[in-house]
Amino acid sequence: MPNYNIYDNLLYANKDKQNRLQNLSSPKIIFIGGSNVSFGVNSKMIQDSLKMPVVNMAIHGNLGADFMMEEIKPFVNRGDIVVFIPDYTQFAGNVSKGNIELVALMIDGNPSSKQFIPFKQRISLLSKFLEYGITKIKLPTIFILDKLTGQTSGSGPYKRSSFNEYGDVRTEWLENKQEYIPLKDNSIDKLNSKFFNELEEFKNYITDKNASLLILPPTLDNTSYNAVKNKINEISSWINKDKLSLDYSPQEFIYQDSLFYDFPFHLNRKAVDNNTRKIIRKIRAN
């Protein structure tokens, strides 16, 4: 049996990221989003370039965009810049509300995270609480968490220690391309208008704190883009119509398939710095 360390599971990294967030001085830059953000950003490059401390809060898309927004709200101050890069699935169905991974975070990964999850949202996750509870009866917690977060061996980028001090996945893990399945034309469900309303409320909240919000498209491989571009165009039109972002241009963040590590949203080592330079330009122009 492999010698797993439960405290090195990916979800436990939320403690480290929260600690950095709460201890950084303002003005600072806060990145939120799914794993596309943890795999696709060089925070040190951004910090050195823009002379502002940076924290990358991204861990897993199934924690849901609602949680991603709520967990940073108390720590946003005057002059801060929040860069939100939700993957396209967050705009559809109930993905933004979180999945069983969010329940696992509340119960095991970082129980203090419950304070950022409204009671109404917890109620909506009751079936996931039940599912997680039943699974914990059958299997040791460590195996459940590893299965949920993709940590199937003692090494690789899907663990707490794979993150650097800023919250990025260490690029040495992203050297060798892995086989992955691109998105299909049905990978993104019907768009949820309520999520766009929540984004607008979040933008207003950030503005009221005298901070700024920049919403950017996620990275995506070219094959996946061609499969779901109609949905992406719909998302882009909605964002631009509601003026949620001044420059939401998905095509700028589409890369050739060879530049992805193991998933349609996960850049490999070669592409991270180039993607980061684009983000720096967007921040400066915001």
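Which helices each supply at least two residues of the lining of the largest pocket? I would like to begin there, and please keep in mind throughout that we are looking at a predicted model. The helices that do so are helix 4, which covers residues 65-70, helix 6, at 119-124, helix 7, at 126-138, and helix 9, at 193-208. Helix 9 gives the largest share of that lining, namely 5 residues.

The pocket itself, the largest in the model, has a volume of about 570 Å³. It is lined by 23 residues, and the closest to its centre are Asp-66, Lys-97, Gln-121, Ser-124 and Glu-198. When the lining is sorted by class, we find 9 charged, 8 polar and 6 nonpolar residues.

Let me now step back to the protein as a whole, which has 11 helices and 6 strands. Its radius of gyration is 18 Å, close to the 19 Å that the globule rule gives for 286 residues, and so the protein is as compact as a globular protein of that length. Along the principal axes, the C-alpha atoms fill a box of roughly 50 × 40 × 40 Å.

On the side of helix 5 the contact is made by Ile-100, Val-103, Ala-104, Met-106, Ile-107 and Asp-108, while helix 7 contributes Lys-128, Phe-129, Glu-131, Tyr-132 and Lys-136. By class, the residues of this contact are 7 nonpolar and 4 charged, with no polar ones.

About 60 Å³ of space lies in the largest cavity, whose lining includes Asn-14, His-60, Phe-67 and Glu-71. Strand 1, at 29-33, and helix 4 each supply at least two residues of this lining, so that helix 4 is found both here and at the largest pocket. The lining of the largest cavity has 7 nonpolar, 3 polar and 1 charged residues.

The second largest cavity has a volume of about 50 Å³, and among the residues that line it are Asn-36, Val-41, Pro-217, Phe-253 and Ile-279. Two or more residues of that lining come from helix 2, at 35-40, and likewise from helix 11, at 269-285, with helix 2 giving the largest share, 3 residues. In this lining we have 6 nonpolar and 4 polar residues, and no charged ones.

How values were computed: Residues are numbered from 1 along each chain as its sequence is written. This is a predicted model: local features need pLDDT of at least 70, side-chain atom pairs count only at pLDDT 80 or more; totals for chains, interfaces and linings use all residues. Side-chain values use heavy atoms; hydrogens and water are left out. On a 1 Å grid over the protein atoms alone, a cavity is a set of points where a 1.4 Å probe fits but cannot get out, and a pocket is an open set with protein on both sides within 12 Å along at least five of seven lines; lining residues have an atom within 4 Å of a point. Grid points are joined across faces, edges and corners, and a volume is the space filled by probe spheres set on the points. Helices (H or I, at least four residues) and strands (E, at least two) are DSSP runs, numbered from the N terminus. Ala, Val, Leu, Ile, Met, Phe, Trp, Tyr, Cys and Pro count as nonpolar, Asp, Glu, Lys and Arg as charged, and the others, Gly among them, as polar. Contact means heavy atoms within 4.5 Å. The radius of gyration is taken over C-alpha atoms; the globule rule is 2.2 Å times the number of residues to the power 0.38.
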